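Hi,

Here is the structure I promised to hand over. Have a look at it first, then read on.

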Amino acid sequence: MGERNGSSIGQKKSMFYLFSMTSILNSAPKSHGDNNPSITPRGSNLLKSSTWSVELKVFMYDLPPEFHFKLLDWKPEGKRVWPDIQTEVPEYPESTTQVKRMLYLSLSFSSLCYNRYSRVKPQEKRSNNKLLQEKLVKFLTAQEEWKRSGGRDHIILAHHPNSLLDARMMLWPATFILSDFGRYPSNVANVDKDVIAPYKHVIKTYVNDSSDFDSRPTLLYFQGAIYRKDGGFVRQELFYLLKDEKDVHLSFGSVQKDGIQKATQGMHSSKFCLNIAGDTPSSNRLFDAIASHCVPVIISDDIELPYEDVLDYSEFCIFVRSSDALKEKFLINLIRSIKREEWTRMWAKLKAVENFFEFQYPSKEGDAVQMIWQAVARKVPDIRMKIHRSRRFSRYNSAKDRGLRSAKLPINFAE
């Protein structure tokens, strides 16, 4: 991935940075006669053997520093538009220190822009975050590569649920890499068009885990914010339903002070870990559970999961509808019904898939970075079809007809 060729877009520098935008070119699938192909991560025998492959060529825009490292107060030197991230990644603010380099470095900038620059300062009418989004849209849509496909062969990393709140309405033809679709109207982002990427887990990976069913004394574990807005009311109701149950741990907690250490100890010593919808359908808690080999119990009706087209989460997760979870004794009886043999199978599967959710630098076979790019590659045939369909009437459509259009909000959509 990241190859270059002689095309004009191939002259763009290949680098990961704020709102990384790519074009997918010459990605012809090589069919071997299978009518229902699947992609298998390299180095893995956990998924169906691949009979279909895609050569993905990715080309990156040379965005000005104001859209990426300048957000970290980095000052460019000479003609350089970014530092050498091999040796000098600028220091992140405390709230984003867990973010790693390369792909996840890109995912973090959209978060940083929102967190640092969304407030309107005195004497200002609009926030710097909004102004940067406007400039980004203007820059991108002026590029010949965008105009050629109307943005359909572009990828935009906007992992933070609040990133690109305004620009997303103009850049909707592109493929987004997101954490979930909780704050997106369905005509802007959806599972057919876009790619879901995992959060980076914040607790420590359970290395050399030799635990078993009996050595994990806590049956069900949750530590986090109990009271949340939006769909988070389920957390509050479950707290009152489960707080007096034996061998169940539900408590308030955060990443502050020793919160991560306590959560690590708690999840490593628990059989099942709750992943309940909060402000958005997903959170890093699911990936904390996977890293802990603590079987996730997912109570989030609208959750979308990374790589679910090739990964069967039912093999290592328990899914419960919110309406069922809120029935008295339903959840605890369901969890208690899962005995040693079934739990052990799920625990072993967690250990087998955990690498798919690890962000590493440099990236290694079958890790999160590779899995995300493979998910992008599987979108290529649909992207190509959309581009071809968009050209049906190009012979006589005016440039204005093919221009940028803002997506319309559904009537029932509330940001």
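Below is what turned up, starting with a sheet and its helices and moving on to the aromatic rings.

One thing before you start: this is a predicted model.

**The sheet**

Look for an open sheet of 5 strands, with parallel pairing and the order β9-β8-β10-β11-β12. Its edges are β9 (248–252) and β12 (318–319), each of which pairs on one side only. At the β12 end, β11 (residues 295–299) runs parallel to β12 and is joined to it by 2 bridges.

**Two helices to find next**

Helix α4 (residues 233–242) packs on this sheet, where it touches β8 (218–224), β9, β10 (270–276) and β11. The direction of α4 makes about 135° with that of β9.

Then there's helix α5 (residues 259–268), whose buried residues are Gly259, Ala263, Thr264, Gly266, Met267 and His268. What covers them? Among the elements doing so are β8, β10 and α6 (285–292).

**Aromatic rings**

There are 11 aromatic pairs in the structure. One of them is Tyr61 with Phe139, an edge-to-face pair at 6.3 Å centre to centre and with 80° between the planes. This pair links distant parts of the chain, 78 residues apart: Tyr61 is in the loop between β4 (57–60) and α1 (103–117), while Phe139 belongs to helix α2 (residues 128–141). Phe139 has a relative accessible area of 24%, so it is partly exposed.

Another edge-to-face pair is Phe213 with Trp343, at 5.7 Å centre to centre and 70° between the planes. Here too, distant parts of the chain are linked: Phe213 sits in the loop between β7 (195–196) and β8, and Trp343 in helix α9 (residues 340–353), 130 residues apart. Both Phe213 and Trp343 are buried.

**Charges over rings**

Finally, two spots where a charged residue meets a ring. Arg168 lies over the face of Tyr184, 3.7 Å from the ring centre. Lys327 has its charged end over the ring of Phe330, at 5.9 Å from the centre.

Over to you, and enjoy exploring!

Technical notes:
Residues numbered from 1 in each chain as written. Predicted model: local features only at pLDDT ≥ 70, side-chain atom pairs only at ≥ 80, totals over all residues. Heavy atoms only, no water. Pairing = 2+ DSSP bridges. Helix = DSSP H or I, 4+ residues; strand = E, 2+ residues; numbered from the N terminus. Contact = heavy atoms within 4.5 Å. Axes fitted to C-alpha atoms, helices over the stretch in contact; angles between N-to-C directions. Buried < 20%, exposed > 50% of the residue type's maximum accessible area, 1.4 Å probe, protein only. Phe/Tyr/Trp six-rings, centres within 6.5 Å; stacked < 30°, edge-to-face > 60°. Lys NZ or Arg CZ within 6 Å of the ring centre and 35° of its normal.
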